[in-house]
Amino acid sequence: MAYTLNIDYVELYSPDLEATQDFMTRAFGWGFIEYGPDYREIQGAEVGGGIERAALAAPLIILKTADLQAAYDRITAAGATITREIFGFPGGRRFQFREPGGTEMAVWTPD
């Protein structure tokens, strides 16, 4: 079987989290789970996602893997620059990287 990573989650950024959440509820019918004052997990969008209170930036595409170290090794060998080393968060661990063309992405694994 070929080694693949699949898109699992998309993080969006908004300096006005409440306005973004309200818009997405009214326009798209999505629900949200609140994880503190600066993060909302999107519910009902088919693909997992979240909104972080932060300066505007391009969405962060997050891939899922069962073997985080193997993904890290393969991605760095393919020429990516690691922008955030492996770190833990509630529910898993992840790292972030920039592919040679400049797109920032991340890979995560559940605990």
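Predicted model: local features only at pLDDT ≥ 70, side-chain atom pairs only at ≥ 80, totals over all residues.
Student: What do the values rest on?
Tutor: Local features need pLDDT of at least 70 and side-chain atom pairs count only at pLDDT 80 or more, while totals for chains, interfaces and linings use all residues. Residues are numbered from 1 along each chain as its sequence is written, and side-chain values use heavy atoms, with hydrogens and water left out.

Student: What makes up the count of helices and strands in the protein chain?
Tutor: Helices are DSSP runs of H or I with at least four residues, and strands are runs of E with at least two. The protein chain has 2 helices and 8 strands, in the order β-α-β-β-β-β-α-β-β-β from the N terminus.

Student: What percentage of the 111 residues is called buried?
Tutor: Buried means under 20% relative accessible area, with a 1.4 Å probe and protein chains only. In the protein chain, 31% of the residues are buried.

Student: Why is the space called a pocket and not a cavity?
Tutor: On a 1 Å grid over the protein atoms alone, a 1.4 Å probe cannot get out of a cavity, whereas a pocket is an open set with protein on both sides within 12 Å along at least five of seven lines. The largest pocket holds about 490 Å³, a volume filled by probe spheres set on the points, joined across faces, edges and corners.

Student: Which residues are closest to the centre of the largest pocket?
Tutor: Lining residues have an atom within 4 Å of a point. Of the 15 in the lining, Glu11, Tyr39, Phe89, Pro90 and Arg94 are closest to the centre. Strand 6 gives the largest share, 3 residues.

Technical notes:
Buried < 20%, exposed > 50% of the residue type's maximum accessible area, 1.4 Å probe, protein only.
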